[in-house]
Amino acid sequence: MTDQNAPRRTDGTAPSAADLHGLVEGSTAIASGSHEIAVSGLQKHYGDYHALRDIDLTIPSGSLTALLGPSGSGKSTLLRAIAGLEVPDGGVVRIGGEDVTFVPPQRREIGFVFQHYAAFKHLTVRDNVGFGPSIRKLPKDEIRQRVDELLEIVGLDGYQDRYPSQLSGGQRQRMALARALAVQPKVLLLDEPFGALDAKVREDLRQWLRQLQTETGVTTVLVTHDQEEALDVADHIAVLAEGRIEQWGTPREVYDEPANDFVKGFLGPTARLRGELVRPHDLVLSLRRIDDAEPVTVERVVHLGFEVRVDLRDSGGEALSAQTTRGEAARLDLHQGQALFVRLGRPGEDRVEVA
Ligand SMILES: Nc1ncnc2c1ncn2[C@@H]1O[C@H](COP(=O)(O)OP(=O)(O)OP(=O)(O)O)[C@@H](O)[C@H]1O
């Protein structure tokens with residue numbers, strides 16, 4: 001089976017490790033000045049399939065932007081078009097104000113990290129990270145110093161002489177980031193870099209990525225289908241669906257002021273109350289009817305640490321879930337079969353109902 005996240009050439013085949021190194025080999029500039037990424041009117045077809053539909057997106061210099069969307073929404077295609085691994089059918093890609101639409105990847109001064117990092121197995125961590133600078137024939141002691149600094153930043157100091165097979169998955173991805181940064185790229189493009197790792201490691205690595213990005217200030221684009229990851233690390237999120245950008249904004253904007261039901265549904269759990277899509281934590285439960293609260297029956301009470309999810313059924317037979325706290329669940333004595341009322345809370349309202 002082919003990996004959806006694996007990089008593809010325009011002919012559909014996966015690039016070799018040497019190709020990927022080629023992405024950074026040509027990099028010469030040190031990340032300074034404006035490295036805004038601006039995409040306008042971008043179109044991409046694969047045969048009859050319209051993978052990118054007129055994409056306009058500006059990624060501010062020095063920021064971390066997440067491309068978030070379901071599988072097949074076009075995230076990787078957009079990232080690969082920015083990298084130069086895909087040639088668009090129409091539109092323009094600019095990096096730092098320069099039109100790079102037809103500039104080959106190795107001349108775009110980018111660092112790229114994929115979900116499955118193609119390390120040189122026969123090279124040590126030091127030589128993997130130092131590969132790009134050594135191709136550019138930088139002085140050996142300068143390379144050594146740069147590699148040591150980067151390995152310290154990514155938390156791999158002391159691992160210089162190990163081989164990739166002697167690293168954990170998380171350590172390998174951190175080595176990949178160090179290697180991408182070793183050539184001091186203008187922009188860092190990350191395609192589900194933590195996708196193959198387990199949940200806890202992912203969480204640690206995204207905190208670490210956020211810190212690394214803040215320290216280096218390199219303009220970063222992160223492809224992810226994980227809304228929590230995007231909300232957690234990104235300055236801005238572009239939400240994609242079917243080759244279009246549905247919304248662009250800060251994590252708070254896309255979560256609190258979603259442009260449409262798709263964005264609302266994709267950014268977090270939702271419940272439908274009288275036809276309106278709402279957040280489960282915006283629902284207020286009460287034992288007596290307040291205002292025009294909807295009568296519901298408790299089907300299940302699920303304790304998820306501090307939070308409690310209450311699965312309900314309304315009088316029309318529709319299922320919906322509310323989210324509440326342990327304290328409130330105890331106060332209401334929530335239990336299966338209980339008759340309750342649910343309504344939409346107002347922002348800042350005290351959730352504790354004395355019924
Ligand atoms: N080389 C290709 N040839 C044909 N179709 C392709 C090719 N690359 C991507 N596609 C199609 O274009 C669409 C967008 O793919 P893309 O990889 O950009 O989606 P994605 O949002 O990154 O999804 P995922 O999260 O699954 O990686 C998909 O329907 C995919 O099958």
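Trainee: Is Arg288 buried or exposed?

Mentor: This is a predicted model; local features need pLDDT of at least 70, side-chain atom pairs count only at pLDDT 80 or more, and totals for chains, interfaces and linings use all residues. Residues are numbered from 1 along each chain as its sequence is written. A residue is buried if 20 or more other C-beta atoms, placed from the backbone, lie within 10 Å of its own, partly exposed in between, and exposed if 12 or fewer do. Arg288 has 10 C-beta neighbours inside 10 Å, so Arg288 counts as exposed.

Trainee: Where is the place of Arg288?

Mentor: Strands (E, at least two residues) and helices (H or I, at least four) are DSSP runs, numbered from the N terminus. Arg288 sits in the loop between strand 13 (283-286) and strand 14 (294-304).

Trainee: What separates the C-alpha atoms of Arg288 and Val342?

Mentor: Along the chain, Arg288 and Val342 are 54 residues apart. Their C-alpha atoms are separated by 9.5 Å.

Trainee: Why is helix 6 largely enclosed by the rest of the structure?

Mentor: Helix 6 has 14 residues. Among its buried residues are Arg172, Met175 and Leu181.

Trainee: How far apart are the C-alpha centres of domain 1 and domain 2?

Mentor: The bounds come from an automatic or database domain assignment. Domain 1 covers 17-263 and domain 2 covers 272-344. Their C-alpha centres lie apart by 41 Å.
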